[in-house]
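Visitor: I would like to learn how to read helix packing and backbone geometry from a model. Can we go through some cases?

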Amino acid sequence: MSAKYEATVTAPVNIAVIKYWGKRDSALILPTNSSLSVTLSQDHLSTRTTIRASPDFGKDRLWLNGAEEDIAASKRLINSITTARNLRAALEQKLLSEGAPAETVVPLSKWSLHVCSENNFPTAAGLASSASGYAALVKALGVLFDLPQSTSDLSRVARVGSGSACRSMFGGFVAWQAGVSDDGHDSFAVQVADRQHWPELQALILVASDKKKAISSTAGMQTTVETSELFAERVRSVVPKRMEAMQRAIAERDFGTFAEITIRDSNQFHAVCLDTYPPISYMNDISRSIVSLVHAFNAARGRVAAAYTYDAGPNAVIYALKDDMRDLVELVTYCFPRDDSTLLEAFYPNSFAIFDSADQVGQRLTRPEVAQLAETAGKFPPGSVRRIIHTEVGDGPRVLPDSESLLNDAGMPKHAKE
């Protein structure tokens, strides 16, 4: 029986607290500004990808969530695979030039690939599916091809597929350095702090819509760069200061500063989108209601105890420390009850699951201030928030055993759709 050349990995979602929006080079995906993100736990949000190489495959093929996609239709996918193949080809040539016997150097760079990828969350709904998807792809290629490059080096490969994917190559807190070089060699991701650095920090994701967004990030960015007057000021003077301040806040575990910068940067990102011509609006009425609820929660606390951020979509990510998160979860689940009349499957019906005790969602409002605030905010119609995901800071891509492969013995998807 011949050897099987395959790798399976999972990769995480990352949610930016200093936003990436705009490119100075669309082909290489070089950003107009640096950005910084928090990697979320793969126990709750992840992409799993299996890649197998074989001389018997007729061509490269891709299956996403069970459905076959046309690889040739995605220039970015081709760019990532080609870049990784070139690195493997260089490695094979190096090994041969150093005297390795030809029969021991497997020509993986010349073989076709079968790629199978699955998300455990909605694709293209503003939950960073492209980031985890391309990070999983590149990590799997790195393992399959036995590439010696560092994680930061491989983040460049992920970047040419999806800019924010370079940040999902690391766990914890991650900065994507914009760089200044035209060839992009200085535009890569670095880890600012690992996941253990700030274990009290948690995140609450409120899915206001799991539908594919009407305007893609790629299209939106380009229009913003071309038409927004506010955008130039953001790139020139605002983001550099915020990057420095945010890295200090993370190093010092200063939640108040972390939270205020997160809120302000999210607000400014969406203001820039509205300043685009024609304007772009990714948030909806539920999104704006969540914004008001977070500010009311902070006012009741007398400090900035929670911070919302929105990427290019209507779904909120709220950061808070563990001691405040329990009350926040209770408030949110009271104000946005589930619609149990539908057959929608929630990711985690018990949003208290990662706490030490297994409280029931919506069972009680434990503190008088939270109960009073809930009565003031009021209840929204069931199903206004479709899913609530309570998670925490997570690790980077994980290499899985062969038993977790998404491909069968013939190299075809185990969960293919008819």
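Visitor: At what angle do the axes of helix α8 and helix α9 cross?

Guide: First, a reminder that this model is predicted. The general idea: two packed helices are described by the angle between their axes and the distance between the axes. Here, helix α8 (residues 322-335) and helix α9 (residues 368-377) cross at roughly 30°, and their axes come within 10 Å. Angles under 35 degrees count as roughly parallel. α8 and α9 are therefore roughly parallel to each other.

Visitor: Which hand does the crossing of α8 and α9 have?

Guide: The crossing in which α8 passes α9 is right-handed. On the α8 side, the contact is made by D327, L331, Y334 and C335. On the α9 side, V370, L373, A374, E375 and A377 take part. By class, the residues of this contact of α8 with α9 are seven nonpolar, no polar and two charged.

Visitor: Now α5 and α6. At what angle do they pack?

Guide: Helix α5 (residues 229-252) packs with α6 at an angle of about 165°, and the axes are 10 Å apart. That makes α5 roughly antiparallel to α6. The cut-off for that label is an angle over 145 degrees. The crossing of α5 past α6 is left-handed.

Visitor: Which residues of α5 and α6 meet?

Guide: From α5, E229, L230, F231, R234, V238, R242, A245, M246, A249 and I250 take part. They meet T257, F258, I261, T262, R264, D265, Q268, A271, V272 and D275 in α6. The residues of this contact of α5 with α6 divide into eleven nonpolar, three polar and six charged.

Visitor: How do helix α1 and helix α2 cross?

Guide: Take angle and distance again. Helix α1 (residues 75-97) and helix α2 (residues 129-144) cross at roughly 20°, with axes that come within 10 Å. That makes α1 roughly parallel to α2. Their crossing is right-handed. In α1, the residues R76, L77, S80, I81 and A84 meet Y134, L137 and L141 in α2. The contact of α1 with α2 holds six nonpolar residues, one polar and one charged.

Visitor: Why might residues three or four places apart in an α-helix point the same way?

Guide: An α-helix has 3.6 residues a turn, so such residues point the same way. Now look at the buried residues of α1. They are L77, S80, I81, A84, R85, R88, L91 and E92. These buried residues pack against β7 (61-64), β9 (112-119), α2 and α3 (151-159).

Visitor: How far does α1 reach from its first C-alpha to its last?

Guide: α1 has 23 residues and reaches 32 Å. That is close to the 33 Å expected at 1.5 Å a residue. α1 is followed by G99, whose phi is positive, near 100°.

Visitor: What should I know about phi and peptide bonds in general?

Guide: Most residues other than glycine have a negative phi, and most peptide bonds are trans. That gives us some cases to look for.

Visitor: Which peptide bond is cis, with omega near -5°?

Guide: The bond from Y277 to P278. P278 sits in the loop between α6 (255-275) and α7 (285-301).

Visitor: What is the phi of I29, and what is the phi of N65?

Guide: I29 is not a glycine, yet its phi is positive, about 50°. N65, also not a glycine, has a positive phi of about 50°. I29 lies in the loop between β3 (23-25) and β4 (30-31). N65 is in the loop between β7 and β8 (67-69).

Visitor: Is I29 buried or exposed?

Guide: Buried, with a relative accessible area of 1%. N65 counts as partly exposed, at 24% relative accessibility. D70, in the loop between β8 and α1, is exposed, with a relative accessible area of 52%.

Visitor: How do I compare sequence separation with distance in space?

Guide: Take pairs of C-alpha atoms. D70 and R85 are 15 residues apart along the chain and separated by 19 Å. S130 and G163 are 33 residues apart in sequence and 8.9 Å apart in space.

Visitor: Which residues is S130 in contact with, leaving aside its neighbours within four places in sequence?

Guide: S162, S164 and A165. S130 itself lies in helix α2. S130 counts as partly exposed, at 37% relative accessibility.

Note on methods: Residues are numbered from 1 along each chain as its sequence is written. This is a predicted model: local features need pLDDT of at least 70, side-chain atom pairs count only at pLDDT 80 or more; totals for chains, interfaces and linings use all residues. Side-chain values use heavy atoms; hydrogens and water are left out. Axes are lines fitted to C-alpha atoms, for helices over the stretch in contact, and angles run from 0 to 180 degrees between N-to-C directions. Helices (H or I, at least four residues) and strands (E, at least two) are DSSP runs, numbered from the N terminus. Angles under 35 degrees count as roughly parallel, over 145 as roughly antiparallel, 65 to 115 as roughly perpendicular and the rest as oblique. A crossing is left-handed if the near helix is turned anticlockwise from the far one by less than a right angle, and right-handed if clockwise. Contact means heavy atoms within 4.5 Å. Ala, Val, Leu, Ile, Met, Phe, Trp, Tyr, Cys and Pro count as nonpolar, Asp, Glu, Lys and Arg as charged, and the others, Gly among them, as polar. The expected span of a helix is 1.5 Å times one less than its number of residues. Buried means under 20% relative accessible area, exposed over 50%, partly exposed in between (1.4 Å probe, protein chains only).
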